[in-house]
Amino acid sequence: MSEMINFGDVPAATAQEFLEPGMYRLKVNPDKTKVETPQGKTPYLAVQFVNEGCSSITEKFFLTAKALPRLQYLHEAWFSKKLDKQFTTYKDIGDYFVKVLTSKLVSRPMITGGKIA
């Protein structure tokens, strides 16, 4: 069974949904950015961002319809344009992100989120 997924209709997640404890200049680590497919569980895209001091943060994007706004937000923030391609599977979306995020390594200013104690 094949399902067409139109990314052009997916809005980006809004920034106010995330906590903003710090801003860093980060780049994608190509060796630690991949699609994981654990047996019996939902596949996900793992993207590791690193700074010049080699500190890192790994973000997981589960490859489901619910995660599409987060992926659209990542694409718009990283590439300054909306993703409007169509994909046949959620794994294809993850593979696309691995390819484009690791094809040319650039650093971008990023706000890292999380809980502030």
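Predicted model: local features only at pLDDT ≥ 70, side-chain atom pairs only at ≥ 80, totals over all residues.
Trainee: How do you know what span is expected for α1?

Mentor: The expected span is 1.5 Å times one less than the number of residues; α1 has 12 residues and reaches 16 Å from its first C-alpha to its last, close to the 16 Å expected.

Trainee: Which residues of α1 are buried?

Mentor: They are L68, L71, Q72, L74, H75 and W78, and because they cover an arc of only 160 degrees around the axis, they lie on the same side of α1 (the arc is that of the directions from the helix axis to the C-beta atoms).

Trainee: Why is W78 called buried?

Mentor: Its relative accessible area is 4%, and buried means under 20%, exposed over 50% and partly exposed in between, with a 1.4 Å probe and protein chains only, so W78 counts as buried. F49 is buried as well, with a value of 3%.

Trainee: How many aromatic pairs does a search of the whole structure find?

Mentor: The search finds 5 aromatic pairs. One of them joins F49 and W78, with 5.7 Å centre to centre and 50 degrees between the planes; rings of Phe, Tyr and Trp (its six-membered ring) pair if their centres lie within 6.5 Å, and planes under 30 degrees apart count as stacked, over 60 as edge-to-face and the rest as tilted, so this pair is tilted. The pair links distant parts of the chain, F49 in strand β4 (residues 44-50) and W78 in helix α1 (residues 68-79), 29 residues apart.

Trainee: What makes R108 lie over the face of W78?

Mentor: A charge sits over a ring if NZ of Lys or CZ of Arg is within 6 Å of the ring centre and within 35 degrees of the ring normal, and R108 is at 5.6 Å from the ring centre of W78.

Trainee: Why does T33 count as buried?

Mentor: T33 counts as buried because its relative accessibility is 5%.

Definitions and conventions:
Residues numbered from 1 in each chain as written. Heavy atoms only, no water. Helix = DSSP H or I, 4+ residues; strand = E, 2+ residues; numbered from the N terminus.
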